[in-house]
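These are my notebook entries on a structure that I looked through step by step. I began with one chain as a whole and then turned to its parts.

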Amino acid sequence: MSYIAKPVARHPKQPVNALGLTTRDYEGTMSTLCAGCGHDSVTAALIQAFWELDVEPHRLAKLSGIGCSSKTPTYFVRDAHGFNSVHGRMPSIAAGANAANQDLLYVGISGDGDSLSIGLGQFCHVIRRNVNMLYVLENNGVYGLTKGQFSASADVGTKSKQGEVNKQGPIDAASVALTLGATFVARSFSGDKEQLVPILEAGLRHKGFAFVDVISPCVTFNDHVGSTKSYAHTRVHMHEVIETDFVPLRSEITTKYEDGATRAVRMHDGSTLTLRKIDGEYDPTDRVAVIDYLGRIMKRGEIPTGLLYLEESGQDMHSVSNTVDGPLVDVPYEALCPGSAALAELQKDWW
Amino acid sequence: MADDRGYGVNDFAFKVATVNGTGSASANGLLLQALFRMGVPVSGKNVFPSNIQGLPTWYEIRVSGDGYAARSPDFHLVVAMNPQSYARDIEEVASGGWVLYDSTKKLDEQLLREDVNFLGVPLARMCVDHFDGSRIRILMKNIMYVGALVALLDIDLDVVKQMLEEKFSAKKHLMDSNYTAIRLGREYAEEHFECPLPIRLESMDETKDCVMVTGNVAAALGCLYAGATVGAWYPITPSTSLMDAFTEYCERFRVAPETGKNNYCIIQAEDELAAAGMVIGASWMGARAFTPTSGPGVSLMSEFIGLAYYAEIPSVFFDVQRTGPSTGMPTRTQQGDLMLCAYASHGDTKHIVLFPADPKECFEFAVAAFDLAERFQTPTFVVSDLDIGMNDWMIPKLQWDDAYRPDRGKVLSAEELEGVEKFYRYVDVDGDHIGYRTLPGVHPKGAYFTRGSGHDKYGRYTEGSAEYVEVVDRILKKVESAGDHVPAPEIHRSGKAAAYGLVSIGGCHWAVLEARDDLARRGIDVDYMRVRGFPFNSTVTDFLTSHEKVFVVEQNRDEQLRKLLLLETSCPKEKLASITYYGGQPLSKGHVLDGLAEQMPLTVAEVTS
C-alpha cells in the first residue's frame with residue numbers, strides 16, 4: 001500500500017459550510033480498502049458530519065489502533081494530526097492526549113478486533129474515565145487485515161469464509177458500554193448514512209465518551225451467506241428503536257414531530273438533538289431499561305440500532321480531575337514551577 | 001573513628017527488628033532524625049516484607065562520622081522487638097556486640113550467645129504499668145526502646161525533646177506519653193546497664209546544610225520543577241511513593257489560585273501498558289508527561305516504548321528497580337533492568353538512560369530527563385532502585401536556578417508554520433539528526449500522521465527499503481548524539497596513574513567509594529568511574545582503555561553493565577572483569593573488596609572486608 005494523495009480540485013458549485021469549506025476539504029488520502037468495504041461508508045459519513053458541524057480541520061485529533069478500520073483516519077481530514085498507534089491501545093493514547101489538551105475534538109476509530117480482544121481492557125477503562133471523545137467501532141466480526149479470523153463480536157454459528165463455524169459467544173460492544181456506564185451509546189450500520197450521520201454529529205457534540213458501534217461489513221471475509229455481519233443479513237435484521245436527528249447551532253429545526261413521541265435534548269454547546277421513539281415505550285435515558293430492552297431484541301436475532309442511550313450531564317474526565325479550563329499544554333511554565341524560595345522552604349520538612 | 005574492633009564513637013551500625021504495622025516506622029524515624037540533628041551523618045534502610053501487616057520487618061541504621069552511606073552488614077547492636085525473628089536477629093549480631101530485647105518474657109536459653117551481651121528491658125510490662133489501652137501500649141513500647149537507646153548510645157536528650165515538641169505541638173497528651181516512654185526507657189537503661197556503650201554518638205557538625213530524603217520523593221520534586229503536567233501510573237512496589245509524592249506536591253503547588261482548579265492531571269491507569277500510552281499521548285500533544293514504574297512495568301510497556309522510539313515522541317519513564325526476574329522479590333533491590341531500559345522493545349531500538357546514585361541526582365536527573373526526551377524526541381529513562389528510592393539518604397540541600405527554562409526541543413509554532421511551504425516531520429533540516437515536530441491543534445500546515453508502521457522522512461506510510469532505512473539510520477545517529485548531552489561519568493582518580501580501575505553505576509556508588517578508601521589506606525590505588533548516562537560518550541571509552549584492567553561492579557547476575565560497555569565501546573573483552581552481587585540487599589564494601597581479592601594479583605590479596 002502506498003500513499004495516494006487525492007487531487008484537491010474544487011467544483012465551483014460545491015456547497016460550503018460556515019468556514020467556507022466544502023466536503024472535499026474534509027477528505028484525506030485515497031482509501032486502499034477493498035471495493036465495497038463498509039469502512040469507506042463510515043468514513044464518508046464522518047466527513048459529512050465534520051462538514052455539517054463546521055469542524056475546524058486542524059482542531060481535530062484522529063486516533064486509531066491497528067486493523068483495517070484503523071487505517072481510515074488517513075482517509076479523512078488531511079489537515080488534522082493523526083495517530084495510528086498499536087493494536088488495542090488507542091484509548092490510552094486518547095486519554096493522555098485529552099489530559100494534555102482538552103480543547104481539541106477527539107475521534108478514535110477502532111474495530112472489533114482492536115477493541116474487543118486485545119483492546120478490551122483499555123476499551124472498558126476509557127469508558128469509565130468518560131474521556132471526552134467520539135469512539136467509532138467499525139464492526140465486521142472478523143480480523144480483516146490478517147485475513148479473516150473470527151473476532152470477539154462474531155455470533156455463534158456464523159461461518160468463516162473457509163467454512164469454519166464460530167462456537168464462542170460474542171461480545172456485544174454496545175451492551176458492554178452500557179453496563180460500564182457509558183454516557184452515550186449508539187449503534188448504526190455503514191449502509192444507512194441517513195441514520196449514521198446524525199448519530200455521529202450527536203457523538204461529536206456530546207461531552208463525555210460517545211460510543212458508536214457501526215456494523216460495517218467486510219466484503220472480502222465476512223459478507224457471505226452464514227455471516228450475521230453481512231450487508232444482506234444486517235439490512236434484514238436491523239431494528240431501529242429510536243430515530244435521531246441532530247440540529248447544529250446554526251441550523252433551524254425544520255422537522256415537526258408529534259408530542260410524546262419526540263424528545264429534544266440540548267447539548268452542552270447549545271445544539272439540539274431530537275429523539276423520536278419508534279419502538280413503543282423505549283426510553284433512551286433509562287440505562288437499566290435500555291439494557292433489558294436491547295437484550296430482548298437481540299435474543300430475537302435482531303440488531304437494535306439508533307442512539308440507544310444518552311446521558312447529557314456535561315461531565316467528562318476533566319470535571320472529575322478538576323483540571324483548569326483550557327489546555328494544560330498552554331499553562332505557562334512560570335505557573336508550574338514553584339521556584340527556588342519554595343524549594344528552600346519545603347526542604348525544612350526534610351529534617 | 002573506628003578502632004581495631006571496627007566500631008567506635010560515631011562509627012557503628014545497628015538494626016531494629018519489629019513487626020510491620022505496629023508503629024515501629026515512627027520510632028525508627030525518630031531515631032534517625034535525632035542522630036541527624038546531632039550533626040552525625042546517618043543512613044537508614046527499611047527492610048520490609050512483601051506484605052501489609054504482621055510479618056517481620058527491620059530498620060537498619062548506620063552511623064558514620066566519615067560520611068559512609070553504604071549498607072554495613074556488621075550490626076553491633078540489634079534491638080530485637082519481634083520474638084518471631086529472634087533467632088535470626090541474634091545470629092546477625094557481630095561478635096562482642098549487644099542485643100536489646102524485651103525481657104518481660106524470658107528469652108529462650110537456646111538463643112543465647114556467649115560472645116554477645118544481652119540487655120533486657122521489661123518494655124511490655126512497663127507499658128502496661130504506665131499506659132492505658134492496648135493500642136497506646138503497642139506504640140509506646142517502640143518509643144520506650146528509643147528511650148533505652150538514648151542512654152545506651154548517648155543520644156542527645158535535648159534533641160529528642162525538641163523533636164517531640166515539634167511533632168506533637170498540637171497534641172499535648174501524645175507528647176506527654178511519648179516523653180514518659182522515653183524517660184522510662186532511659187532510666188531503666190541507666191540503672192541496669194553501663195551507659196553509654198562503646199558504640200555511641202558524639203555531636204558533630206557534619207549535617208549542616210544537608211537534608212534527609214528518599215530518592216522517590218526527590219524524583220517527584222524534579223518532575224514538578226521540570227513542569228510535568230501529566231502523570232500516568234499503575235501502582236507497583238517500589239515506585240508507588242514517587243507518584244504519591246508528585247500528587248502531594250501538585251496539591252500543594254499546582255492549584256491555580258484564581259480558580260482553585262488543577263494545573264495537572266494524574267491518571268491511575270488500568271495497567272502499565274495504558275500508563276505508557278497515556279504518557280505518549282500527552283507528550284504527543286505537547287505536555288511533559290511521565291510514568292514511574294519498576295522492572296515488570298517496563299516489560300509490559302515495551303511495545304509502546306518501541307512506538308515512541310520509532311515515531312520519535314518524547315516520553316519519560318522512571319524505573320525504580322527491584323529484584324527480578326518476573327515478580328522476583330518486590331521489596332528487595334537489584335540493578336537487573338540495565339539492558340532492558342537501554343534497548344526496550346523489539347527491532348533495533350536504543351534509549352537514553354540516566355542512572356542516579358542518590359536522591360540529589362534523582363531530582364536533577366528527573367529534570368534533565370524531560371529536557372533530553374524533548375530535545376531528542378525519544379524515550380528517556382531514569383533508572384534508580386529500591387534502596388535509593390525508598391530509603392532515607394543524607395544529601396546537600398537541593399538548589400534551584402530560577403533562570404532555568406525547559407528545553408522543549410525543536411517544535412514549530414503557529415507563526416513558524418505560517419511561513420513554511422510544506423511541513424515534513426522526519427526531515428533532517430539542520431544536520432543534527434533531529435526533525436522538527438508540530439503539536440496537534442496549532443496550525444493546519446503542521447498536520448501529519450504519527451505511526452509506528454514504516455514511514456519515510458516525509459512522514460508518509462512506506463514499504464520502500466531505501467526510504468525506511470534512511471529514517472532508521474537517522475534515528476540511530478540522533479540517539480547516539482545524546483551521549484554527549486547525558487550526565488557525564490563521575491571520575492575519581494588517585495594521585496598517580498593507577499593500573500586498575502573500578503567502574504560502577506547507580507546505588508553501587510557508596511560501597512565502591514568506601515571500598516576504594518579502604519584500599520587507599522592499604523596503599524592500593526584504584527581509579528573509579530561511575531557511569532551516569534547512556535548512550536556512553538567518549539569519556540567512558542577513554543577511562544576503560546587507559547587502565548590495564550577494569551572491574552565492573554554491579555548488582556545483577558548477568559553482568560549487564562559490563563556487557564553494555566562491551567557492546568557500546570571499543571574496549572576489548574579481556575580488559576573488563578566483573579564483580580557482581582545480586583542477593584537483594586544493598587551493596588556493601590565487602591562485596592567489592594571480596595570480589596577484588598578474588599581477581600587481583602597477590603600483592604593486594606590481603607584486602608578483606
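**Entry 1: chain B as a whole**

I note at the outset that this is a predicted model. I looked up the secondary structure of chain B and found 19 helices and 21 strands. I then checked the radius of gyration, which is 27 Å for chain B. The globule rule gives 25 Å for 609 residues, and the two values are close, so chain B is as compact as a globular protein of that length. Along the principal axes, the C-alpha atoms of chain B fill a box of roughly 90 × 70 × 40 Å.

I also looked up burial and found that 54% of the 609 residues of chain B count as buried. For the contacts in chain B between residues at least 6 apart in sequence, I recorded that 73% join residues at least 24 apart.

**Entry 2: a sheet of five strands**

I next asked in what order the five strands of the open sheet in chain B lie. The order is β16-β18-β17-β20-β21, and the pairing is mixed. As a general point, I recalled that strands of a sheet pair through backbone hydrogen bonds, either parallel or antiparallel.

Which strands of chain B stand at the edges? They are β16 (490–492) and β21 (576–580) of chain B. Each has a single partner strand, so one side of each is left without a neighbour in the sheet. From one strand to the next, the twist averages 20°.

Strand β17 (residues 500–505) and strand β18 (residues 526–531) of chain B pair in the parallel sense, over six bridges. I located one of the partners: Tyr500(B) has Val526(B) in β18(B) as its bridge partner.

I then looked for helices on the sheet. Helix α16 (residues 509–521) of chain B packs on it and touches β17, β18 and β20 (549–554) of chain B. The direction of α16 makes about 170° with that of β18(B). Helix α18 (residues 560–568) of chain B also packs on the sheet, where it touches β17, β20 and β21 of chain B. Its direction makes about 135° with that of β20(B).

**Entry 3: the domains of chain B**

I looked up how chain B is divided. The assignment lists domain 1 (11–192), domain 2 (213–396), domain 3 (414–474) and domain 4 (490–604).

**Entry 4: chain A against chain B**

How many residues of chain A are in contact with chain B? I found 49 residues of chain A in contact with 59 residues of chain B. On the chain A side, the elements that give two or more residues are β2 (81–84), α3 (90–100), α5 (120–129), α11 (333–336) and α12 (340–346) of chain A. The largest share, eight residues, comes from α3(A). By class, this side of chain A has 27 nonpolar, 18 polar and four charged residues.

I also noted strand pairing across the two chains. Three bridges join β2(A) to strand β15 (residues 449–451) of chain B, and the two strands run parallel. Gly82(A) has Phe449(B) in β15(B) as its bridge partner.

**Entry 5: backbone details in chain B**

I looked up cis peptide bonds. The bond from Thr237(B) to Pro238(B) is cis, with omega near 5°, and Pro238(B) is in the loop between β8 (230–233) and α8 (240–253) of chain B. A cis peptide bond also joins Phe534(B) and Pro535(B), with omega about 5°. Pro535(B) is in the loop between β19 (533–534) and α17 (538–545) of chain B.

Finally, I looked up positive phi values. Ser326(B), which is not a glycine, has phi near 55° and lies in the loop between β11 (315–321) and α11 of chain B. Is Ser326(B) buried or exposed? With 8 other C-beta atoms within 10 Å, Ser326(B) is exposed, since 12 or fewer is the cut-off. Glu559(B) has a positive phi of about 55° and is in the loop between β20 and α18 of chain B. Glu559(B) has 18 other C-beta atoms within 10 Å and is partly exposed.

Conventions
Residues numbered from 1 in each chain as written. Chains lettered and ligands numbered in written order. Predicted model: local features only at pLDDT ≥ 70, side-chain atom pairs only at ≥ 80, totals over all residues. Helix = DSSP H or I, 4+ residues; strand = E, 2+ residues; numbered from the N terminus. Rg over C-alpha atoms; globule rule 2.2 N^0.38 Å. Buried ≥ 20, exposed ≤ 12 C-beta atoms within 10 Å, placed from the backbone. Contact = placed C-beta atoms within 7 Å. Pairing = 2+ DSSP bridges. Axes fitted to C-alpha atoms, helices over the stretch in contact; angles between N-to-C directions. Domains from an automatic or database assignment. Nonpolar A, V, L, I, M, F, W, Y, C, P; charged D, E, K, R; others polar.
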